Amino acid sequence: MMLVWLMPLALADQNQDKPFAVVELFSSEGCSSCPSADLLVSKLTTWARQNDEPVYPMIFHVDYWNDLGWRDVFSRPEFTQRQYSYARVFKDQGVYTPEMIVNGTDAFVGSNQDQLQKDLGHELKLPAIAVLHVSLKKDDDSVWVKFDTQGASPDDVVNVALVERGLSTDVTAGENAGRTLHHNNVVKEFQTVPLSSSGQEVKLPLRKITDMSQASVIVFVQNPQTMLIEAAKQVDLQND
């Protein structure tokens with residue numbers, strides 16, 4: 001079945017940034033329920049890029065599945081901690097995969113396409129709370145991400161994610177044994193800095209990127225108390 005996104009982008013006020021949607025998926029290659037959510041993110045990524053829509057999906061691979069048969073090469077303990085940060089704010093009893101969170105406010109099962117479309121339809125009608133400007137420079141080893149914001153709270157943080165598309169893994173053990181899993185917008189590097197760093201640069205290593213033409217930097221401003229995401233931008237490495 002073809003995935004069709006029916007979400008007209010509303011016009012934003014001239015003094016505000018455009019509407020946007022940051023879509024975070026917490027996933028694991030060791031989870032048999034996760035490939036369907038990964039596929040949904042892949043379709044969303046393709047749609048957003050082909051239509052130049054301000055929708056920024058990213059997949060955080062958590063590590064709490066790693067002792068259950070398959071060690072996920074993309075997993076990081078800090079990604080698990082990020083999911084737990086959401087759980088504390090949402091007052092959840094625990095964490096699970098696949099979990100999808102849109103703009104830091106609504107969490108649901110990551111394979112739920114109907115809820116995703118509902119959330120995107122809502123978020124893409126709202127102007128960003130803050131204005132965000134992003135620029136990149138890079139060499140063979142690193143990318144420097146410079147950002148500047150207006151209209152954000154002084155207590156906000158800026159998250160900088162380096163993501164890569166077109167990845168695949170042949171899984172030989174665990175719940176997905178015998179499957180080849182395909183991923184888009186996997187988070188390879190992630191840093192969180194105080195908003196007071198605005199106008200400065202964040203340096204991310206490129207050693208984990210296998211194809212620069214498939215890599216992008218996603219920058220987003222977030223309230224660490226409520227987890228609301230207030231502005232976001234994406235820049236491709238090949239276009240900087």
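Modeller: In what follows, a residue is called buried under 20% relative accessible area, exposed over 50% and partly exposed in between, with a 1.4 Å probe and protein chains only. This is a predicted model, in which local features need pLDDT of at least 70 and side-chain atom pairs count only at pLDDT 80 or more, whereas totals for chains, interfaces and linings use all residues. Residues are numbered from 1 along each chain as its sequence is written, and side-chain values use heavy atoms, with hydrogens and water left out.

Colleague: How many salt bridges does a search of the whole structure find?

Modeller: A salt bridge needs a side-chain nitrogen of Lys or Arg within 4 Å of a carboxyl oxygen of Asp or Glu. Here the search over the whole structure gives seven salt bridges. One of them brings together the side chains of Arg49 and Asp236, at 2.8 Å from N to O. Because Arg49 belongs to helix 1 and Asp236 to strand 13, this pair ties together parts that are 187 residues apart in sequence; helices (H or I, at least four residues) and strands (E, at least two) are DSSP runs numbered from the N terminus.

Colleague: Are Arg49 and Asp236 buried or exposed?

Modeller: Arg49 is partly exposed, with a relative accessible area of 33%, while Asp236, at 12% relative accessibility, counts as buried.

Colleague: With which residue does Glu201 form a salt bridge?

Modeller: The partner of Glu201 is Lys137, and their closest N and O atoms are 3.5 Å apart. This pair links distant parts of the chain, since Glu201 lies in strand 11 (residues 201–205) and Lys137 in strand 5 (residues 131–138), 64 residues apart. Glu201 has 41% relative accessibility and counts as partly exposed, and Lys137, at 45%, is also classed as partly exposed.

Colleague: Which residues do salt bridges that share partners join into one network?

Modeller: Arg76, Glu78 and Glu189 are joined into one network in this way. Within it, Glu78 and Arg76 form a salt bridge whose closest N and O atoms are 2.8 Å apart. Glu78 counts as partly exposed at 37% relative accessibility, whereas Arg76 is buried, with a relative accessible area of 15%.

Colleague: What is Gln83 in contact with, leaving aside its neighbours within four places in sequence?

Modeller: Contact is taken as heavy atoms within 4.5 Å. Gln83 sits in helix 2 (residues 77–90) and is buried, with a relative accessible area of 0%. Once neighbours within four places in sequence are set aside, Gln83 is in contact with Phe26, Val62, Tyr64, Val95, Tyr96 and Glu99.
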